[in-house]
Amino acid sequence: MSIRRLPVYILLDTSGSMRGEPIHSVNVGLQAMLSALRQDPYALESVHFSIITFDVQARVYLPLTPLDQVRFADIDVPQGGATFMGAALKLLIECVDRDVRKSTVNTKGDWRPLVFLMTDGSPSDLYAFREAIPELKNRNFASILACAAGPKARQQHLLELTDRVVTMDTMDAAAFSGFFKWVSASVAVGSTSAGVSGALSPPPPPEVQLVL
Amino acid sequence: MAKIVKCQTLAGQAIEYVDEIIGSGAMKDVYFSPDKSYVVALYKARPDSQARERLKSITTTYWDRLFNEPGGDYWKNLFCWPEGIIERNGLIGIVAPAYPKHFFFEHGSRNNDILAIKGKEKEGKWFAAANLRNRFMDRRELGDWLNHLRMCVLLARAVKKMHMMGLAHSDLSYKNVLVDPTQGHACVIDIDGLVVPGKYPPDVVGTPDFIAPEVVMTSHLSRDDRGRKLPRRETDQHALAALIYMYLLYRHPLRGGKVHDVDDEQRDEALGMGEKALFIEHPSDMSNRIRVEDARPTELPWADTSQIPYTITGPYLSPLFLQAFVGGLHDPGLRPSANDWETALVKTVDLVQPCQNSACPQKWYVFDNSIKPRCPFCGTLHKGKLPVLNLYSSRKEGNFRPDNHRLMVWTGQSLFLWHVNSRIAPNEKLTSDQKKRVGYFVFHHDAWWLVNERLPDLIDVSTKTPIPIGGRMELTDGLQFLLAKGDGGRLVVVQMVEG
């Protein structure tokens, strides 16, 4: 049948500062989010996930996979190192150009992808980061949402990327779980009642502050 | 242990709830009463004065009109209707009955409930999409096709009742209707957004898949624009037709292969559900047929409309689907009413026969009016004698006209008063005495028999032989018998199909 896929890309900072509790919380939060989404029949029919991690290099940790088939081992964090967020954006562009199906006269293409980026620092490759942004804006994303986690995260760079930036003051399990719940609600919003004046977007969880 | 909050409804009824959220939606957080017999749902944002007025009407005026009439209890199974309003620490909430147990998954998904949905609410979407049914659902949750028909009867009846009360639901969708295919139950929930035409306008435009084309087409206009179309009775009728189609055929009536905009999938979606909406089984315009080659294997055979066309739903429902998705799709006034659906569904239940293949997942199908009846779901041909009873009713003494109503005979099939008299309809108005069986059918020594339990007037018209209560009569081709004398009394003409 003509079920459109909803591609969801999650870009995760795995630089050294994420070692310890932060990355554990991210792993737990990700798995909880996947379990919650699998209980949503609408998401199960359409959502496809991909995870890109970035530290001293950017890699595709999970290629675009249907929600019910997503399996991955806990994400590890290397000792120390840089935060190549620009490289991650370039990799995202490659993936999107390759994975996302366009409509043809005869077949329905995918929904516009959703992107969630989480970092606890700022791009070490600022030049590449700034170079990637206009390229990224040429692609048609439904929304790009960036999360600045913890005290060292810099919002101002993220605000160059998207106007939807949230901050998390702490980097504990509750904060990450709140963040992934929000991601999950944003992904599932397409199946819920739409308000008379535009679609309802779920409010961010209490642990996350929206930067406007 | 979470603490128990005690409060009062505005009407003064004492309420208690456990201060621990059991569920949370976009608008409300839900709490259980200590005995779990009712729930309290607190609005996250305080409803405005108009919404509070509406809640008041729903919990008082409309509650009374629904439940405080003879037989009012019947509706308690079909609606989860808010019973009271509470106000606490500036928050507003409603009190509503808890959902009955059969609306929660008993087994959940396959492979030892891999999705971990056991105990969760049975949201209709799980049962309305072929891929979800075939890949994920535990078979014990799926029920059979007859129970899907029964679910649709109850759903149509509930919507009919709301419309008769002058209300519109405004957001009918598989999220707002709980279903139970294992026993054939359905219950309308989320009633706090009801539309009272001219009084309380809708807050929502509906849920994707169920929003009527005229609402989708005008959703870019401002709320006050005169061209803007908002949910009302006619849009409920569209949503109801879509729900019934999906619960019987496990696919969406408008989601076919046609691409309206190659560059912008959101515009494509808006056109496909709105201005350019086209039935996937339109009799002459084939351009939106599902492309079977694009279907996932788990969507078959349902994605193949040539193998499972809507016409397998039989002679009463098929014309309504055409009326809803061809004539009435862009002309709201032409859409079938909820009452039309209820009547057709009830008659279709009588036209259903069991599939002789014990492994058939649907187990029941509508008699296809052929001399070689065949289950459209598994392809099994019917073997043996198959009596079909054609019902006629008297308008005046001795004059019988066809009712366009047939009853299929199978072992264990029962005869009820609504078969006996055309003035009696099998709906919420039946008394408990009227619900009792009056006769049954049995296959014995290579012949079909009707056993008379409570039919004082039963008579074989061909031979003028009365059949006493406790007696039996063999069904043969061409046999005519009278079930009841007087106004509305039914005459039966037997047709014997030899499969």
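Two strands count as paired if DSSP finds at least two bridges between them. Helices (H or I, at least four residues) and strands (E, at least two) are DSSP runs, numbered from the N terminus.

The model is predicted: local features need pLDDT of at least 70, side-chain atom pairs count only at pLDDT 80 or more, and totals for chains, interfaces and linings use all residues. Residues are numbered from 1 along each chain as its sequence is written, while chains are lettered from A and ligands numbered from 1 in the order in which they are written.

**Stop 1: β22 of chain B**

Select B:480–482, strand β21 of chain B. Strand β21(B) pairs with β22(B) in the antiparallel sense, over three bridges. Click B:Phe481; its bridge partner in β22(B) is B:Val492.

**Stop 2: a four-stranded sheet in chain B**

Next, show β15, β16, β17 and β20 of chain B. They form an open sheet of four strands in the order β15-β16-β17-β20, with antiparallel pairing. Which strands are at the edges? They are β15 (414–415) and β20 (472–475) of chain B, each pairing on one side only. Zoom in on β17(B), residues 447–452, which is joined to β20(B) by four bridges. B:Val451 stands opposite B:Arg472 in β20(B).

Move to the loop between β16 (439–444) and β17 of chain B, and pick B:His445. This residue has a positive phi of about 50 degrees although it is not a glycine. Is B:His445 buried or exposed? A residue is buried if 20 or more other C-beta atoms lie within 10 Å of its own, exposed if 12 or fewer, and partly exposed in between, with C-beta atoms placed from the backbone. B:His445 has 6 C-beta neighbours inside 10 Å, so it counts as exposed.

Compare B:Asp190, in the loop between β9 (185–188) and β10 (204–206) of chain B. Its phi is near 55 degrees, a positive value in a residue other than glycine. B:Asp190 counts as buried because it has 24 C-beta neighbours inside 10 Å.

**Stop 3**

- β3(B) and β4(B) (residues 28–32) run antiparallel and are joined by two bridges. Three residues lie between them in a hairpin. B:Ser24 stands opposite B:Asp29 in β4(B).
- β4(B) pairs with β5(B) (residues 38–43) over five bridges, in the antiparallel sense. B:Val30 has B:Ala41 as its bridge partner. Their hairpin has five residues between the strands, and B:Lys36 there takes a positive phi near 60 degrees.
- β6(B) and β7(B) (residues 91–97) pair over five bridges, again in the antiparallel sense. B:Ile85 has B:Ile94 of β7(B) as its bridge partner.

**Stop 3: a cis proline**

Select B:Leu300 and B:Pro301. A cis peptide bond joins them, with omega about 5 degrees. B:Pro301 is in the loop between α10 (265–273) and α11 (317–327) of chain B.

**Stop 4: helix α3 of chain A**

Now select A:85–99, which is helix α3. Among its buried residues are A:Met85, A:Ala88, A:Leu92 and A:Val96. The buried residues of α3(A) pack against β1 (6–13), β2 (47–54), β3 (58–66), β4 (114–119) and α4 (126–138) of chain A. Residues are in contact if their C-beta atoms, placed from the backbone, lie within 7 Å.

**Stop 5: where the chains meet**

Finally, colour by chain. The contact takes 29 residues from chain A and 36 residues from chain B. On the side of chain A that touches chain B, α2(A) gives the most, with four residues.

How values were computed
Expected span 1.5 Å × (residues − 1). Contact = placed C-beta atoms within 7 Å.
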